[in-house]
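Welcome, and please open your viewer. This tour goes stop by stop, saying what to select and what you will find there.

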Amino acid sequence: MASAAVVSEKRPGRPLSFDRDAALEQAMLLFWRHGYEATSLSDLTTAMGVTPPSIYAAFGNKKRLFLEAVELYLAPPSAPADIIDQAASAREAASALMSGAAHAFTNPETPPGCMLATSAISVSAAAADVQSALSDIRNAVEAHLRRRIEQGMADGELPVDTDADALAGHTTAVIQGISTLARDGATRDKLLRVVQTAMRVWD
């Protein structure tokens with residue numbers, strides 16, 4: 001993340017008066033719970049324990065703060081690309097993505113559901129570039145999984161007539177769906193059973 005660079009460009013020689021990493025984590029949790037537009041600067045300053053000038057000095061503006069929060073949300077070990085690359089097969093990659101999401105979306109220490117899905121709810125035209133950035137992230141994950149499926153087809157793991165695009169899209173749709181279920185109060189056990197059902201298309 002380009003944190004220190006932003007600070008040094010705007011406030012050369014002046015150290016931050018707060019823990020930037022801890023403040024960013026609080027911002028991430030707030031965006032995760034309420035979404036991008038529903039989270040006000042006042043909400044952020046209260047949760048982060050900083051003043052508006054400190055946010056501007058350290059992060060530039062709300063949009064840049066949000067995008068850094070997304071980077072933190074997607075950081076290893078839960079980075080989707082890493083999960084896909086480390087899986088022994090395409091099937092295991094899809095299973096790991098969905099079951100990992102089921103666990104993450106029901107973690108009692110974090111807001112329910114997916115931060116990317118929550119943040120994209122009711123985004124107005126004024127924040128279209130934020131919506132586009134989130135869409136690009138989701139599409140990139142799906143494309144990465146599609147390539148893994150295509151590799152599985154080439155390796156003989158999957159039939160050569162497998163619809164890689166549809167299979168990757170199905171996995172993405174399930175993840176977004178269980179995010180909604182989690183926000184509606186579904187238990188982890190239910191989400192994992194949904195994942196087990198979804199994996200039957202791979203049999």
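Start by selecting helix 9 and helix 10, which pack at an angle of about 135° with their axes 8 Å apart. That angle makes helix 9 oblique to helix 10. Oblique is what remains when angles under 35 degrees count as roughly parallel, over 145 as roughly antiparallel and 65 to 115 as roughly perpendicular. The crossing of helix 9 and helix 10 is right-handed, meaning that the near helix is turned clockwise from the far one by less than a right angle.

Before moving on, a word about what is on screen. This is a predicted model, in which local features need pLDDT of at least 70 and side-chain atom pairs count only at pLDDT 80 or more, while totals for chains, interfaces and linings use all residues. Residues are numbered from 1 along each chain as its sequence is written, and side-chain values use heavy atoms, with hydrogens and water left out.

Helices here are DSSP runs (H or I, at least four residues), numbered from the N terminus. Axes are lines fitted to C-alpha atoms over the stretch in contact, and angles run from 0 to 180 degrees between N-to-C directions.

Now show the side chains between these two helices. Arg138, Glu142, Leu145, Arg146, Ile149, Glu150 and Met153 of helix 9 meet Ala164, Asp165, Leu167, Ala168, Gly169, Thr171, Thr172 and Gln176 of helix 10; contact means heavy atoms within 4.5 Å. Coloured by class, this contact has six nonpolar, four polar and five charged residues. Ala, Val, Leu, Ile, Met, Phe, Trp, Tyr, Cys and Pro count as nonpolar, Asp, Glu, Lys and Arg as charged, and the others, Gly among them, as polar.

Select His170, Val174, Ile178, Leu181 and Ala182 on helix 10, then Leu191, Val194, Val195 and Ala198 on helix 11, to see the contact. Its residues divide into eight nonpolar, one polar and no charged.

Next, go to helix 3 (41–48) and helix 4 (52–59), whose axes come within 10 Å and cross at roughly 85°. These two helices are therefore roughly perpendicular to each other. Here Leu41, Leu44, Thr45 and Met48 of helix 3 meet Pro52, Ile55, Tyr56 and Phe59 of helix 4.

From there, pick Lys62, which lies in helix 5. Which residues is Lys62 in contact with, leaving aside its neighbours within four places in sequence? Look for Phe31, Tyr36, Glu37, Thr39 and Leu44.

Follow the chain to Pro77, in the loop between helix 5 and helix 6. Most peptide bonds are trans. The bond from Pro76 to Pro77 is cis, with omega near 10°.

Finish at the largest pocket, with a volume of about 630 Å³. A pocket is an open set of points on a 1 Å grid over the protein atoms alone where a 1.4 Å probe fits, with protein on both sides within 12 Å along at least five of seven lines; lining residues have an atom within 4 Å of a point. The volume is the space filled by probe spheres set on the points, which are joined across faces, edges and corners. Of the 29 lining residues, select Tyr73, Leu74, Ser78, Pro80 and Phe105, the closest to its centre. Helix 7 gives the most to this lining, with six residues.
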